[in-house]
Amino acid sequence: MVNTPGFRLSARFADVKSSPVRDIQAVIGRDDIITFAGGIPDADLFEADDFAAAFDYVLTHQAKRALQYASTPGEPELREQVALRLARQLPTHPDQIQVTSGSQEGLFLVGMALLDAGDVVLVEQPTYLAAVQAFSLAGARLVSVPSDEHGVLPDALAAAIAEHDPKFVYLVPNFQNPTGRTMPLERRRQVAELLVQTGTPLLEDDPYGELRFDGEPVPPLASLPGMAGQTVIQNSASKTMAPGVRIGWLRAEGDILRALEIGKQAVGLQTAVTDQLAVARYLATCDLDAHIVKVAAAYRERRDAMVDGLRAILPSQASVNRPEGGMFLWAELGEGVDTAAVLPRALECGVAYVPGWPFYAADPDHSTMRLSYVTNTPAVIATGIERLARAFGW
Ligand SMILES: Cc1ncc(COP(=O)(O)O)c(C=O)c1O
């Protein structure tokens, strides 16, 4: 970072970089670039009329509340609605909900609540990079735990807990960002048993779980025996409803709730009341389940277009997975390929993706890349794949 005269930046920023996804996002605003980079929902699939009606209702009938300061944990209507939704998987009382300005803020608040400089957070390999950013700013040392296509490896997790005495473990068990992988029930049981035995807290980040296209839902780790009290689980409106409303929520029990609330007071006093009430109104009066079915059908078709299109042309040493939901798939292009080095050429060819390296807390695999299939129609995906083929020389 450049030194600004007079300002002496906090040491916290010394090793924390801007998110490469956001940086790539900034250079791909051009219309001629097909982007597989960000997890950007297709705006044509938003329920714009339902949201217009919800905001209209709020500003017509609840304006004095909507435009006023409000309490830090969140608006009662929204806490009630999201507690009801979470209760499908895990008994939840509205008092256990802290509303956040997107689940990204939730990561920051948990970091603030639990971390002191030098504390260890255990993460999957690879992991969600903006979580690394949030925990690093809170002073954490991130240690990645060897993982396979089902997520973190229980034996490796046990060894890492014994060695590092982490403050918490951070997992994205459903359709993980960046890999799209999901942790099966048996693995969840093993991980949960270990966390309970060792008294290790879990931050279970679940923005994608409801976006399932195939297979059966898997219960959250928080719902497994002994886990509810030692897990903070968080969800978001971003992937199922709309990211622009910036609404997320944390569910927690006990003292940490109070720390999260105090952290939230310090960061922003409260989440925007208009947005909270509009999302609560949307949830109370519209059919989110039906919307998710519609979105999932579109995303399933796009996932298949991307997986099938890539598998048809990838060289034999390369592979790509077929996640059962979410927004991303993960490609491993094989030894000798450096996806970051090819990115400028890909941009010249008119296609963007995110190289895999920033998602690793340590020992990056430079041959990997994350591709989002949700933003573009199958026809545009096909053109994007032709451009990728040109860039990589497939
Ligand atoms: C795993 C994960 N957690 C949290 C977030 C933050 O999302 P938001 O702040 O929009 O809820 C994202 C966004 O991509 C994500 O992939």
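Me: How do you know at what angle the axes of α5 and helix α6 (residues 129–137) cross?

Reply: The axes of the two helices come within 8 Å and cross at roughly 35°. Such axes are lines fitted to C-alpha atoms, for helices over the stretch in contact, and angles run from 0 to 180 degrees between N-to-C directions. Helices are DSSP runs of H or I with at least four residues, strands are runs of E with at least two, and both are numbered from the N terminus. The model is predicted: local features need pLDDT of at least 70, side-chain atom pairs count only at pLDDT 80 or more, and totals for chains, interfaces and linings use all residues. Residues are numbered from 1 along each chain as its sequence is written.

Me: What makes the residues of α5 and α6 count as meeting?

Reply: Two residues are in contact if their C-beta atoms, placed from the backbone, lie within 7 Å. Q104, L107, F108 and G111 of α5 meet A130, A131, A134 and F135 of α6 in this way. By class, this contact has 6 nonpolar, 2 polar and no charged residues. Ala, Val, Leu, Ile, Met, Phe, Trp, Tyr, Cys and Pro count as nonpolar, Asp, Glu, Lys and Arg as charged, and the others, Gly among them, as polar.

Me: Why are α5 and α9 called roughly perpendicular?

Reply: Helix α5 (residues 103–114) and helix α9 (residues 255–268) have axes that cross at roughly 115° and come within 9 Å. Angles of 65 to 115 degrees count as roughly perpendicular, those under 35 as roughly parallel, those over 145 as roughly antiparallel and the rest as oblique. The two helices are therefore roughly perpendicular to each other. Their contact includes L109 and M112 of α5 and L260 and V267 of α9. Its residues divide into 7 nonpolar, 1 polar and 2 charged.
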